[in-house]
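Dear colleague,

My notes on its cavities and aromatic contacts follow.

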Amino acid sequence: MNIAPPNSNFNASELVSKIEIKVSCENLPNFDTLTKSDPKVFIFQEKVTYANNTKNTYWENIDSTERIKNSDNPVFTKSIYMDYYFEMIQNLRFVVFDMDSDSNEYSKNDFIGYAEKTVGDLISGSQNNVYQCDLLTTIPSGINCSNTKAKFSSKQAKINIRIQEVVNSPYEFTMDIIGSDLDKKDTFGKSDPFIIISRIENDSSLVKIFETPVIKNTLNPKWKNIRIPEISLNNGDPDKLLLWEVYDYDKNSSNDLIGIFKATTRVLFEQNTFELINEKKKAKKGSKYKNSGVIKFENLTRVRKYSFIDFPMNGTEVAVSFAIDFTASNGDPNNSNSLHYRTPNYDMNNFYTLNEYQKAISSIGYVLEPYDTTRYMEVYGYGGMFFNRNEVEFDCSLTGDPNNPSVLGVAGILNAYFHALQTTKLYGPTNFSPIIKKISEEAKRDLLPPGQNNPLPRYYILTIITDGAISDMEKTIASIINANELPLSIIIIGVGNADFTNMKKLDGDNKVLKLNNKYSTRDIVQFVPLADYINDPGLLAQETLKEIPKQVKEFADKFKYKPRFL
């Protein structure tokens, strides 16, 4: 027997498997009067903490599928990826809604049902990699919704969960897909074509991996800048056979097949042009049949998709700015009830001697400080009359020098904040838009044009600390939407016990931020109420900063930027 020698380069990550989860449903109830449901599945993972000999659990929304319109048997394209640990219980919850609005707020949509399973259940109980179970119609804990429609439905809805191990590839395929001379399928128009791409597995089963948008009324469609992760397309195998199906979309009936072809990714690079074949039409027309159109691939590339850590490790710096609320609602700093009160035993190195502003600054600042090699951070005040001046300012440098708002480290921020309090008259109102616009202008300054794989020199994080409601809500929303195309994330920390309803509206976790006819294209705002984490600086930083890596990656992927030195 040959025994492999010990691996001196052991890496714990070798014991972790990356798994892909894909979801489909069957026999969903129809809650809409004239059409079928518009289902979407939200995926949660149970998190467990222990404190004071007590076990505490909560369910974290880790991802969701796309929304499929008008379907009671949806096959969702989006894959959910996660790490699998054999030694851990990983509880997952799949919650299905009929989406009646553009908002992801559960109470605004119709609850269909849910299933809770461990990853171990999905692996051991699957047949041909698919686990099937009934959807339960009781309301799961932590979900604010009504199950009135679901529990009275006569249909037994089911969910299919496909699970398989995948290669953890950092690459993705990008391509333009050009169709020409497609068959005409509509009586009073041309065709409304779209493409479904599926992997053909070893057991001949099909796994839907991508669906293009529908292009209306054309026989010569062009799908530009299609991006598909390698782990989805071929799981790292260039010889994995793929099925490409072109359909004509019909709103009120089944989609009409135009034609298909099969090809591996290796063949796509070698051949690039393929005839669409419709076997039924071919059998009917015989020797007169040529094809049902042609599909051509242009600008086909396999490119590396960078992780968050690639950016700070390869020269992209994190530029950090703090904006502090100096409005009168904070109270007189000399009064012990003031949110700006400095305790007699103040010690910047002792979290529990700090006021709420100082706690927010230190918790966030100490985490972010190392990511800027200079360790200099900018500090501003808003809503006060600063340095004995007789006007209210909303983007005032607390160093006293408008051309140099930077200080060294967290200690510099805390000192600048304290000294500014000595000469500032607290006033109002609470306007966010000026400081957002100022940092947005900084973010534009060194940014090279998007879409050209240019290096990203720095990514900006603006932390706004406030005690109350925004006075310039519309202007703030407009400035956030305008900043969507910039390397910028905005953190809002609410201190005190004010009503922070409007702050939550700015956080785009469950809805798209919009104003008039403009919409946010990515979520760049995270709101956190300090009171929820007031006694735990580590948990405060974790909750506040958890979306930053995702936001950096989303910006780089969307606008095609790479780490500075790669």
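Predicted model: local features only at pLDDT ≥ 70, side-chain atom pairs only at ≥ 80, totals over all residues.

Phe308, Phe311, Pro312, Thr316, Val318, Tyr459 and Val552 line the largest cavity. The space inside the largest cavity comes to about 40 Å³. Its lining is made up of 6 nonpolar residues and 1 polar residue, with no charged ones.

Over the whole structure, the search returned 2 cavities of 30 Å³ or more. For the second largest cavity, the volume is about 30 Å³. The residues around the second largest cavity are Ala443, Asp446, Leu447, Leu456, Pro457, Arg458, Tyr460 and Pro487. Here the division is 6 nonpolar, no polar and 2 charged residues.

I turn next to the aromatic rings. A pair of aromatic rings is described by two quantities, the distance of the centres and the angle of the planes. With ring centres required to lie within 6.5 Å, the count is 22 aromatic pairs. One of them joins Phe97 and Phe111: the ring centres are 5.8 Å apart and the planes stand at 70°, so this pair is edge-to-face, the cut-off for that class being over 60 degrees. Phe97 belongs to strand β5 (residues 91-98) and Phe111 to strand β6 (residues 110-118), so that the pair links distant parts of the chain, 14 residues apart. Both Phe97 and Phe111 are buried.

A further pair is formed by Tyr357 and Tyr417, with 6.3 Å from centre to centre and 35° between the planes, and it is classed as tilted. Because Tyr357 is in helix α7 (residues 356-368) and Tyr417 in helix α8 (residues 409-422), this pair ties together parts that are 60 residues apart in sequence. Tyr357 is buried, as is Tyr417.

Which residues do ring pairs link into a cluster? They are Phe42, Phe44, Phe97, Tyr106 and Phe111. Phe97 and Phe111, the edge-to-face pair described above, are thus also members of this cluster.

Finally, there are contacts between charges and rings. The charged end of Arg93 is placed over the ring of Trp59, at 4.2 Å from the ring centre. Arg302 is found over the face of Tyr171, 3.9 Å from the centre of that ring.

Yours sincerely

Technical notes
Residues numbered from 1 in each chain as written. Heavy atoms only, no water. Phe/Tyr/Trp six-rings, centres within 6.5 Å; stacked < 30°, edge-to-face > 60°. Helix = DSSP H or I, 4+ residues; strand = E, 2+ residues; numbered from the N terminus. Buried < 20%, exposed > 50% of the residue type's maximum accessible area, 1.4 Å probe, protein only. Lys NZ or Arg CZ within 6 Å of the ring centre and 35° of its normal. 1 Å grid on protein atoms, 1.4 Å probe; cavity = no way out; pocket = protein on both sides within 12 Å on 5 of 7 lines; lining within 4 Å. Points joined across faces, edges and corners; volume = space filled by probe spheres on them. Nonpolar A, V, L, I, M, F, W, Y, C, P; charged D, E, K, R; others polar.
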